[in-house]
Amino acid sequence: MAEELSEGKSISDVLIVGGGTAGWMTAAALANVFSKTHCRIRLVESDQIGTVGVGEATIPVVLKFNQMLGIDEDDFLRSTQGTFKLGIQFVNWGSLGNRYIHPFGSYGTPMGSLSFYHYWLKYHREGKSRDIGEFSIAVQAALNGKFMRPANMPNSPLSQIAYAYHFDAGLYAQYLRSFSEKKGVERIEGEIVDVAIRPDDGFIESVNLKNGEKLSADLYIDCTGFRGLLIEQALNTGFIDWSHYLPCDRAVTVPSKNIGPPDSFTRATAHTAGWQWRIPLQHRTGNGHVYSSKYMRDEEAKDILLKNIEGDTLAEPKFIQFKTGMRQKFWNKNCVAIGLSSGFLEPLESTSIHLIQSSIAKLLALFPTADFVQPVIDKYNQIMCSEFIGVRDFIILHYKATDRSDSAFWNYCRHMDIPQNLADKIELYKSSGRLFRDNNELFDEISLIAVMHGQGIRAQRYHPMVDDINEIEFDRLMKEIKSVIDHSAQAMPRHGDFIAKHCAAKFV
Ligand code: FAD
């Protein structure tokens, strides 16, 4: 006997609340997959309130988001004053004077059944290489001011180039808004003053605007930023505070004039109670100093920022407060929080926009029916929780792996207890030179070795199978790999020239 399918009614009305990066990314993605007749998508935002105005560095998965939307890359970069990013340069993290790049893409070349880093660990122990970045096309290109897209040359390091973007956050939201509106998203301007809850089940019934208008939908996406207007203020979902592990809670930001062609990497320079970013765009450089208010006053943080900027500033410094952590639930009843409303880890590895993208992908995979069956909600919460934790642990590693003892802040970070999973990873690497990526975590062994070795953690052993290669052959191979990478990086165009040729924005 055929079983009867008990299908839930489809969601036919989605209201996205908030029009920052999270809101417009969500709107663009939903509008791209749902036809207007199947599901109405509206976005409400308030120009009076505005957006957080930061979030300009990304990681390579963002390319998939643009590809999914069918966005032309050159047009996108032209419209957002964008540049290319090959990784992040960390300065003064492991110790004062220490400098390394956490690159995108891989190291070396596949050798036998082991990842390249195992061979490099032996080479390093033999005193033949100080920095694994010598074997990364991204690092060598970044240090030489070069960039190109991956070439169709299967055996060349040029085929392995992986990259992300830097872009102007405001222009990015505008770009996605225009994309979304063309796909049928309705934008509503208005300030929400109240959220009505259904008395019987605690679901959101409507959001109510200052002008008296009531907006009702089946599904609400809370993209209201740190306020968490729906997920927290209306539904009291709760927040898990991670400031013990990630003690920075403020940023002061300021744009500056470019003093030369843009670098193809983000720079993160550690200071005495936090760190400073430098994000090169076509029309300006974005700068910000992220710090812990427990260890540094606002005025001092601002002075440090201004002292460490290369070009003239273009605006008054702006302060932003935040708390690191995540919501107890990302999806509660008929509300899904995406973006800063769902949690914030801090911008060190440029992961927030990725987490928005990932939330959208999971929401689409687990898109509910109008009866909101609980297992779907639970699965979403479980996946997003483990993603946040994976990213959190990787960021904590940067603070923990330090010899700095020049300030109370670094003394705290060096001695703080860390999540057991991260402590185990560090111990495994130290004792055996092995690195593993758990549960499909965002950051793999390439990222782990970049940061661990880059910040001074040393492996005492390497994989025994590495010794299977004949010593002379091993030496010859390593030298050849390095030489091919060096030559390939030299052959690449300059980053500024590449932009000028393919995606130069209008001068502003
Ligand atoms: P917001 O930009 O704050 O948008 C909130 C929206 O909600 C606005 O449109 C607002 O008008 C609307 N709203 C709020 N209340 C109401 C109301 N009552 N009525 C109507 N509308 C309302 N991420 C990265 O990936 N890379 C980075 O380099 C990076 N750097 C960062 C640096 C700092 C210092 C910080 C704090 C964050 C950084 N991020 C970064 C994170 C990134 O900025 C955010 O993930 C991204 O901008 C998304 O923000 P949002 O859309 O969630 O919130």
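How do the residues of the lining of the largest cavity divide into nonpolar, polar and charged? The model is predicted, so local features need pLDDT of at least 70 and side-chain atom pairs pLDDT 80 or more, while totals for chains, interfaces and linings use all residues. Residues are numbered from 1 along each chain as its sequence is written, and side-chain values use heavy atoms, without hydrogens and water.

**The largest cavity**

Select G390, V391, D393, F394, L397, N421, L422, K425, E441, L442, F443 and L448, the lining of the largest cavity. A cavity here is a set of points on a 1 Å grid over the protein atoms alone where a 1.4 Å probe fits but cannot get out; lining residues have an atom within 4 Å of a point. The lining divides into seven nonpolar, two polar and three charged residues. The volume is about 90 Å³, taken as the space filled by probe spheres set on the points. Colour α10 (374-400) and α12 (420-432) next: each supplies at least two lining residues, and α10 has the largest share, five.

**The ligand**

For polar contacts (N or O pairs within 3.5 Å), select A22, where a polar backbone atom is 3.0 Å from a ligand oxygen. At I192, a backbone N or O atom lies 2.9 Å from a ligand nitrogen. At C223, a backbone N or O atom lies 3.4 Å from a ligand oxygen.

Note on methods:
On a 1 Å grid over the protein atoms alone, a cavity is a set of points where a 1.4 Å probe fits but cannot get out, and a pocket is an open set with protein on both sides within 12 Å along at least five of seven lines; lining residues have an atom within 4 Å of a point. Helices (H or I, at least four residues) and strands (E, at least two) are DSSP runs, numbered from the N terminus. Ala, Val, Leu, Ile, Met, Phe, Trp, Tyr, Cys and Pro count as nonpolar, Asp, Glu, Lys and Arg as charged, and the others, Gly among them, as polar. A polar contact is a pair of N or O atoms within 3.5 Å; within protein, one must be able to donate a hydrogen and the other to accept it, and residues adjacent in sequence count only if both atoms are side-chain atoms.
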